[in-house]
Amino acid sequence: MIGRDDIIDIGRYNKPHGVNGEISASLDVDIDLLREFSCLVSDIDGIFVPFFVEALRSKGSSTALLTIDGIDNENQASLLVNKDIYVLKCEYEQLSYDENSDEMPLDYFIGYTIVMQQGVKVGEVVDVDDSTENVLFIVDHDGAEVAIPAVDELIVDINTHNKMIEMSLPQGLLEL
């Protein structure tokens with residue numbers, strides 16, 4: 001069974017395109033990369049269900065027209081309208097990771113615990129806000145969401161085995 005921790009959001013289904021089950025999708029990843037995923041996943045009535053892409057074609061830089069296995073008419077395609085599109089996190093990480101770089105995609109760190117240099121737990125990364133040039137970790141800090149800049153200058157160490165990010169945070173940042 002696919003769980004929430006196993007997937008990463010990469011886009012959203014739009015509306016059906018034509019009467020043969022093709023559906024438009026807005027994507028946050030390169031459309032060519034979409035061909036490399038084994039399946040797309042969507043939440044259907046609280047269950048993460050895999051869907052298999054039979055064909056896709058580009059409709060602009062961030063929109064694709066998808067033909068999904070088993071969906072062959074407009075009514076079936078309309079069941080996916082406005083549903084988020086996820087992919088398996090392990091595949092996303094493998095495809096997004098540049099072996100010549102020491103950088104990981106920031107979504108990779110969702111679920112990591114941020115600690116300060118003194119070992120004080122700040123909280124868990126619940127989201128990454130990359131909607132602006134200043135990327136932020138959204139962290140659950142004592143029940144409240146705080147935004148922490150995801151910049152190299154603040155990151156002291158990343159322990160992938162223990163899923164921890166050690167950071168040197170400016171005094172007062174958590175009180176903002």
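Is Tyr 112 buried or exposed? I looked this up first, keeping in mind that the model is predicted. Tyr 112 is buried, with a relative accessible area of 1%.

**Entry: aromatic rings**

I searched the whole structure for aromatic pairs and got 3. One of them joins Phe 109 and Tyr 112, with ring centres 5.1 Å apart. The planes of these two rings stand at 80 degrees, and planes over 60 degrees apart count as edge-to-face, so I noted the pair as edge-to-face.

I then checked Phe 109 itself. Phe 109 has a relative accessible area of 6%. The cut-off for buried is under 20%, so Phe 109 is buried.

Phe 109 also pairs with Phe 137. I noted 6.3 Å from centre to centre and 80 degrees between the planes, which is again edge-to-face. This pair links distant parts of the chain, since its two residues are 28 residues apart. I located Phe 109 in the loop between helix 3 and strand 8 (113-116), and Phe 137 in strand 10 (residues 136-141). Phe 137 is buried too, at a relative accessible area of 1%.

I put the ring pairs together: they link Phe 109, Tyr 112 and Phe 137 into a cluster.

**Entry: the largest pocket**

I next looked up the largest pocket, which holds about 620 Å³ of space. I counted 23 residues in the lining, and those closest to the centre of the pocket are Ile 8, Asp 9, Asp 107, Ile 110 and Asp 127.

Which elements each supply at least two residues of the lining? I found strand 1 (7-16), helix 3 (89-96) and strand 9 (121-129). Strand 9 gives the largest share, 5 residues. By residue class, I recorded 12 nonpolar, 10 charged and 1 polar in the lining.

**Entry: positive phi angles**

Asp 45 is not a glycine, yet its phi is positive, about 55 degrees. I placed Asp 45 in the loop between strand 3 (40-44) and strand 4 (47-51). I also checked its exposure: Asp 45 has a relative accessible area of 76%, and is therefore exposed, the cut-off being over 50%.

Asn 82 likewise has a positive phi, near 65 degrees. I found Asn 82 in the loop between helix 2 (74-78) and strand 7 (84-88).

Notes: Residues numbered from 1 in each chain as written. Predicted model: local features only at pLDDT ≥ 70, side-chain atom pairs only at ≥ 80, totals over all residues. Heavy atoms only, no water. 1 Å grid on protein atoms, 1.4 Å probe; cavity = no way out; pocket = protein on both sides within 12 Å on 5 of 7 lines; lining within 4 Å. Points joined across faces, edges and corners; volume = space filled by probe spheres on them. Helix = DSSP H or I, 4+ residues; strand = E, 2+ residues; numbered from the N terminus. Nonpolar A, V, L, I, M, F, W, Y, C, P; charged D, E, K, R; others polar. Phe/Tyr/Trp six-rings, centres within 6.5 Å; stacked < 30°, edge-to-face > 60°. Buried < 20%, exposed > 50% of the residue type's maximum accessible area, 1.4 Å probe, protein only.
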